[in-house]
Amino acid sequence: MKYCPVCRDEFMDHVKVCPDDQVELVEKLEPEQHEDEEKQVLLYDLNDAKLAEMVQGVLEDHDIFPVMRSDMFASAMSVRGASPIGTQVKIFVMESEYQQALELTDGMIRESETE
Ligand SMILES: [Zn+2]
């Protein structure tokens, strides 16, 4: 079974994206967050799916689990490695993890801007 990190609905394994929230499903849900305690903040709005995947990888290596939101059409075609041109990916992290996430990924974002 797979789960939506936003609405926490359960889906069959063959489903990749939540039809309601347009986000990729995950194997394991994070512990439920109470609304008043913590909210997600936008870390990056990238137009490069490969770079977004790399950012996600670095964050998950440091136990920060971002929510990736990408435009539906492009993500359906380019999930995992197809041509990322035209894919817009928004990366959200928890408010308390924002600073650490920024420090971990700032260098690779700057590098990609100079290429
Ligand atoms: Zn959902």
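A salt bridge, as the term is used here, is a side-chain nitrogen of Lys or Arg within 4 Å of a carboxyl oxygen of Asp or Glu, and by this rule the count for this structure comes to two. The structure is a predicted model, in which local features need pLDDT of at least 70 and side-chain atom pairs count only at pLDDT 80 or more, while totals for chains, interfaces and linings use all residues. Residues are numbered from 1 along each chain as its sequence is written, and side-chain values use heavy atoms, with hydrogens and water left out.

We can start with the overall layout of the chain. The protein chain has three helices and five strands, where helices (H or I, at least four residues) and strands (E, at least two) are DSSP runs numbered from the N terminus. Read from the N terminus on, these elements follow the order β-β-β-α-β-α-β-α. Of the 115 residues in the protein chain, 32% are buried; buried means under 20% relative accessible area, exposed means over 50%, and partly exposed lies in between, with a 1.4 Å probe and protein chains only.

The interior comes next. In soluble globular proteins, nonpolar side chains tend to be buried together. A nonpolar core is defined as a set of buried Ala, Val, Leu, Ile, Met, Phe, Trp, Tyr and Cys residues joined through side-chain atoms within 4.5 Å. The largest such core here has 17 residues, and those with the most contacts inside it are L46, V55 and I91. At least two residues of this core are supplied by each of β3 (40–46), α1, β5 (89–94) and α3 (98–114), and the largest share, five residues, comes from α1.

K90 forms a salt bridge with D45, with the closest N and O atoms 3.8 Å apart. This pair links distant parts of the chain, since K90 is in strand β5 and D45 is in strand β3, 45 residues apart. K90 counts as partly exposed because its relative accessibility is 32%, and D45 counts as partly exposed because its value is 39%. Y44, found in strand β3, is buried because its relative accessible area is 10%. Y44 and V89 are likewise 45 residues apart in sequence, yet their C-alpha atoms are 8.0 Å apart in space.

The other salt bridge joins D106 and R110, whose closest N and O atoms are 2.6 Å apart. Both residues lie in helix α3, four residues apart, which is about one turn of the helix. With a relative accessible area of 26%, D106 is partly exposed.

R8, in the loop between β1 (2–3) and β2 (10–11), has a positive phi of about 60 degrees although it is not a glycine, and at 29% relative accessibility R8 counts as partly exposed. Q22, in the loop between β2 and β3, has a positive phi of about 55 degrees and is not a glycine either; at 32% relative accessibility, Q22 counts as partly exposed.
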